[in-house]
Structures are given as C-alpha cells and as structure tokens.
Amino acid sequence: MRKLINAPADVVSDALRGLAAAHPSLRVDPGNGTVVRADAPRAGKVALVSGGGSGHEPLHAGFVGPGMLDAACCGEVFTSPVPDQIIAATMAVDGGAGVVHLVKNYTGDVMNFQMAAELAEDEDIEVTSVVIDDDVAVEDSTYTAGRRGTGATLFVEKIAGALAEEGAPADSVAAVAREVNERSRSFGVALSSCTVPAAGTPTFELGEGEMELGIGIHGEPGRERVPIGTAAEIVDASLSAIDADMPLSGSEVLVLVNGMGGTPLIEQYVAYAEAARWLEGHGATVVRSLVGPYVTSLEMAGCMISVCRLTPELTRLWDAPVETPGLRWGR
C-alpha cells in the first residue's frame, strides 16, 4: 500500500485538519468529523445537511458553503457517519426554518440519518429527509436495498442548496431535491480497484485486461466484467444503460463526467467528448456540463457518468452562485 498518509487510523481526522487549514471559512471539528459553514446557523434559512463515509472527496465536506450544504458529516473511510455526528451537525446549523437531510441510499446512511432525525425531533428541530438513489447499474447491491446513491448527489446538493440560499421553505427545498433525484441517473465503470487504508489490500480484484461495468462508489459489484474497451465503448455502455432507464431524446441535460479518483483529467475529457457526441446523436441537448473528480472512490481508476434532465428552473438553480472548496462560481 502506497499512500500519502501518516497512519491508517488517522486518515480522516488528518484530512479534516488539512481542510480546516486550507479553508478557514469552514468550522471543522476533526475529532467529531463534522464540517459546518462559518456563518451557520442563519436565522430563517432552511439548512442542508449531508454526509457519508469518507473516501469520496470532495463529496460531501468539500461542498459545504454558500449555495450548497450547511454541514457535512464525515464517517470513517467507506463507513457511514454515526447518529451522534449527524445530530451534532443538524443542531449546529438549525436556524429555525427546518433542516433537510440529503441521504445517499446505503443501508447504514439511511438508518443513521433516520435515527438522527428522531433525535432532532426531541430537540424541536423539524427534519425532512430526501434519499438519493440515482444509480441504474444494479439494485439491492452490497450495502444497499434498492438503487445506490452516487454521482447525482452533487446535482441534488447544488440545486437544493441554491433554493435554500434564496430563502425557500423546507417543503420546497425537499421537493426540488426529490425532483432532481427523480430526473437523474448515473452509471460507473471501474478500470482498477481501490485500497481502504485500514484494510491495506485492494477492495476487489480485476483480472488483467478486465473492467467492471456498473461499479459502485465503494467498489461494490456492478453488472458484469468485460474486456477493457475504448473510451467510446465505455461511454456507450454507460449512456445506453442510462437511456434505457430514463429516455434522453428531446431533453436538455446536465452531464457530469466524474473521475473516480485515479483517472487523469485528460482521460476524463476524452470521455466527455464521447459523451457529448453520443448524446447529440441520440437526440439530447447538453446545456450544462461538469468534468472532474467530484464523487470519488479513493484512487480507483474509471469514470461515472451522471445525467440530469433539466427544466428552466433547475437550470437557473444550477447556475446560481456557489462558493465551496469543491465547487464555486458566480460569487
């Protein structure tokens, strides 16, 4: 195992100390694994809280700030945050207008966020939960009942965060989060495995010349293993799976070509070129795009493509100003 770390047990807390040093606009508690906007709580503003296991950076902690999340809870690598973390973050950002929990659909995440929401009720904090389940690859995979929450989490956090920043009520913020989830689909492909520091060995093994279609962001099994293909073939497999589940022809779309952590940006742009060509050829119009490692899986090589069918209102909210460590424009 070759990693830029001090000790496997300290990876998350050390990384959070680095986040705090690099971004003093955030209130970071490395010991408790929480990241909060410096100006929280804001009276009268609906607060957004998300989180999950670490190892997917910049998701979620890198998306805390104006226009996105009010707080994030960071579990150990690929391990759900515990209810104590979630309730601490929820209480830290509650401004009296309610809190919306954005939860990726993994059994541990859903259970722990639900427990935290019940604890919040005891503190007279109104919590609404939205579960994100955009992955079309498989259902009832490792860690999951139903579809997994993956790349579209970024879409939900950005668009719901923009509406919350405008002062919308909690029911409207939760409704737009659900709308984005319903209008989004993702599909990932792995060219290599990744190694959790505490484990010290690869999460799974790929044979020489193999790739995994439909991989999860924790290395969960996908649909099948096939010989490594070209970028065009990988993109075709990904977008064909998305299109089969959510027809794209005639839609204006937001497209994310997401590096899984170990794929260089030059290759991600090769994939995006193929995605743009595929979508145009299948009757979709790309009106917004994003390329880069935003929802990663440690050092896994590969990419995930996420597509959201936009409306004029969703496009407006996507374009709204945002200022976080991992995403910023318009401010």
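**Exercise 1.** With which residue does R316 form a salt bridge, and how far apart are the closest N and O atoms?

*Solution.* The model examined here is predicted.
Step 1. The partner of R316 is E313, and the closest N and O atoms of the two residues are 2.9 Å apart.
Step 2. A salt bridge requires a side-chain nitrogen of Lys or Arg within 4 Å of a carboxyl oxygen of Asp or Glu, so the pair must be judged against this cut-off. The distance of 2.9 Å between R316 and E313 belongs to a salt bridge.
Step 3. Both R316 and E313 lie in helix α8 (residues 312–319), three residues apart, which is about one turn of the helix.
Step 4. R316 has a relative accessible area of 38% and is partly exposed; E313, at 37% relative accessibility, is also partly exposed.

**Exercise 2.** Describe the salt bridge between D14 and R17, and state where the two residues lie.

*Solution.*
Step 1. The side chains of D14 and R17 meet in a salt bridge with an N to O distance of 2.9 Å.
Step 2. Both residues belong to helix α1 (residues 11–22); because D14 and R17 are three residues apart there, about one helical turn separates them.
Step 3. The relative accessible area of D14 is 21%, which makes D14 partly exposed. R17 is partly exposed at 49% relative accessibility.

**Exercise 3.** Which elements of the chain does the salt bridge between R185 and D245 link, and is R185 buried or exposed?

*Solution.*
Step 1. The side chains of R185 and D245 form a salt bridge, 2.5 Å from N to O.
Step 2. This pair joins distant parts of the chain, since R185 lies in strand β7 (residues 184–190) and D245 in helix α6 (residues 231–245), 60 residues apart.
Step 3. Buried means under 20% relative accessible area. R185, at 15% relative accessibility, therefore counts as buried, whereas D245 is partly exposed at 29%.

**Exercise 4.** How many salt bridges does the structure hold, and which residues are linked in a network of them?

*Solution.*
Step 1. The structure holds 16 salt bridges.
Step 2. A network of salt bridges links R37, D39, R42, K45, D70 and E165.

**Exercise 5.** Characterise the packing of helix α2 against helix α3.

*Solution.*
Step 1. Two packed helices are described by the angle between their axes and the distance between the axes.
Step 2. For helix α2 (residues 83–93) and helix α3 (residues 107–122), the angle is about 50° and the axes are 8 Å apart. That angle makes α2 oblique to α3.
Step 3. The crossing of α2 and α3 is right-handed.
Step 4. On α2, the contact is made by P83, I86, I87 and T90; on α3, by N112, F113, M115, A116, L119 and A120.
Step 5. Sorted by class, this contact of α2 with α3 comprises eight nonpolar, two polar and no charged residues.

**Exercise 6.** At roughly what angle do helices α4 and α5 cross, and which residues make the contact?

*Solution.*
Step 1. Helix α4 (residues 152–165) and helix α5 (residues 170–182) cross at roughly 155°, and their axes come within 9 Å.
Step 2. Angles over 145 degrees count as roughly antiparallel. The helices α4 and α5 are therefore roughly antiparallel to each other.
Step 3. The crossing in which α4 passes α5 is right-handed.
Step 4. F155, V156, I159, A160, L163 and A164 of α4 make the contact with S172, V173, V176, A177, V180 and N181 of α5.
Step 5. The contact of α4 with α5 has ten nonpolar residues, two polar residues and no charged residues.

Definitions and conventions. Residues numbered from 1 in each chain as written. Predicted model: local features only at pLDDT ≥ 70, side-chain atom pairs only at ≥ 80, totals over all residues. Heavy atoms only, no water. Helix = DSSP H or I, 4+ residues; strand = E, 2+ residues; numbered from the N terminus. Buried < 20%, exposed > 50% of the residue type's maximum accessible area, 1.4 Å probe, protein only. Axes fitted to C-alpha atoms, helices over the stretch in contact; angles between N-to-C directions. Parallel < 35°, antiparallel > 145°, perpendicular 65-115°, else oblique. Left-handed = near helix turned anticlockwise from the far one by under 90°. Contact = heavy atoms within 4.5 Å. Nonpolar A, V, L, I, M, F, W, Y, C, P; charged D, E, K, R; others polar.
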